[in-house]
Amino acid sequence: MCRHLGYLGPPVAVGDVLTRGEHSLRTQSWAPRDMRRGGTINADGFGVAWWTPQEGATRYRNPAPIWTDPAVDEVLPQLRSTSVLAAVRSATVGMPVERSACAPFVDGRWAFSHNGVIPDWRRVLPAVAQEFGADLTEAESATDSAALWVILHAALSAEESGPGGKVRSTGVRHRRTLARVVRRVLDQAPDARLNLLLGDGENLWATSVYHSLSVLAVDDSVVVASEPYDDHPRWQPIPDRQLVSVSPRRLHIESLDDHDFADS
Ligand code: GLN
C-alpha cells in the first residue's frame, strides 16, 4: 500500500534518496517487505518533491513504475536539496492510475503523501471537508489521498486564525493540525489507514495509523520511511497511532491518542 520516505538534513542528491540502500524506495516498489492488506507491489507510479529557496516545494511525478524511469538515475541525482519527500504508489482498487494521483501533492512550501486508504471516502470526507472549510472539487484526482490533501491544506491555511494559533510556535501548530485532521477522519471512518507524511522543507511530520513506519536519526540528518532502506542499527520502528515531528536537530514522537486537541 504505497511506500513513502522523507529526508531532512545536509544537502543531498534528490535521486540518491530514491535509490540509497539495498532496500531503497525504488526496490520497495517491486519488493516491499511490510505490505499490510492490499497490494503486493507499488507499480502505479511515483513522485518526489524537493525544495528550492525560490520555488518552495518542486516536484517530479510519473504514473509509470519507478524502475522504468531513467530520470531517477540520470536527472534527479543532479538536483540537491536539504529536504526530500518521495512516494511509490500502489493504487487502491477503483482509484485511477494517473500522474495527478501520484504523491507528493504540493502547494507552495508544502508537500504531502498518504500511505493507506479511507474506506467509502466519497461519503466520509465531505463532512470532514466542511468542518475545515475545504472544497473537495479542488482535488487533483478522484482519490482519497488527493481529497485528504485538499482538507489538510485548508486546515493548515486556516490554523493561524484558530484559537491558540497565535500563541503557539509554528511547528506545534502544524502538528496539532495534522493530528486533528487524522482524528476527524478516524471519527468518520474508524477503519481508515492513515500513514501521512507532510513536509515544508524545514520540518517533516508523519503519522502511523495501521501501516509500518520507521525513523533513522543519525548525526545531522533524519529519515522517516515506510520501511528501512538499509540495516543501519539506528532505525527505530514507530508503533501504531503515533505522530512523528522532525525538525533540524529535533525528533519528537507522541501518541495520536494522547495529543491534546481540546483547544485547537
Ligand atoms: N489510497 C491511495 C491511492 O490510491 C494510497 C494508496 C496506498 O497507500 N497504496 O493513491
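Visitor: Over how many bridges do E7 and strand E8 pair in the antiparallel sense?
Guide: In this predicted model, strand E8 covers residues 204-208 and runs antiparallel to E7. One link between them joins Leu 197 to its bridge partner Ala 206 in E8. The bridge count for E7 and E8 is three.

Visitor: Which residue takes a positive phi in the hairpin of E7 and E8?
Guide: The hairpin has four residues between its strands. One of the hairpin's residues has a phi near 95°. That residue is Gly 201.

Visitor: What about the other neighbour: what is the bridge partner of Val 117 in E7?
Guide: Strand E6 (residues 110-117) pairs with E7 in the antiparallel sense, over seven bridges. Val 117 has its bridge partner in E7, a strand that spans residues 193-199. The partner is Arg 193.

Visitor: How many of the seven residues of E7 are buried?
Guide: In a regular strand, side chains alternate between the two faces of the sheet. Here Arg 193, Asn 195, Leu 197 and Gly 199 point one way, while Leu 194, Leu 196 and Leu 198 point the other way, and all are buried. The tally of buried residues for E7 is seven of seven.

Visitor: On to ring pairs: why does the pair of Phe 46 and Tyr 60 tie together parts that are apart in sequence, and by how many residues?
Guide: The model has four aromatic pairs. One of them is Phe 46 with Tyr 60, 6.0 Å centre to centre with 55° between the planes, and it counts as tilted. Phe 46 belongs to strand E2 (residues 46-52) and Tyr 60 to strand E3 (residues 56-62), so the pair links parts whose separation in sequence is 14 residues.

Visitor: What kind of aromatic pair do Tyr 229 and Trp 235 form?
Guide: Tyr 229 is buried at 5% relative accessibility, and Trp 235 is buried at 11%. Their ring centres lie 5.1 Å apart, with 90° between the planes. Because planes over 60 degrees apart get that label, the pair is edge-to-face.

Methods
Residues numbered from 1 in each chain as written. Predicted model: local features only at pLDDT ≥ 70, side-chain atom pairs only at ≥ 80, totals over all residues. Heavy atoms only, no water. Phe/Tyr/Trp six-rings, centres within 6.5 Å; stacked < 30°, edge-to-face > 60°. Helix = DSSP H or I, 4+ residues; strand = E, 2+ residues; numbered from the N terminus. Buried < 20%, exposed > 50% of the residue type's maximum accessible area, 1.4 Å probe, protein only. Pairing = 2+ DSSP bridges.
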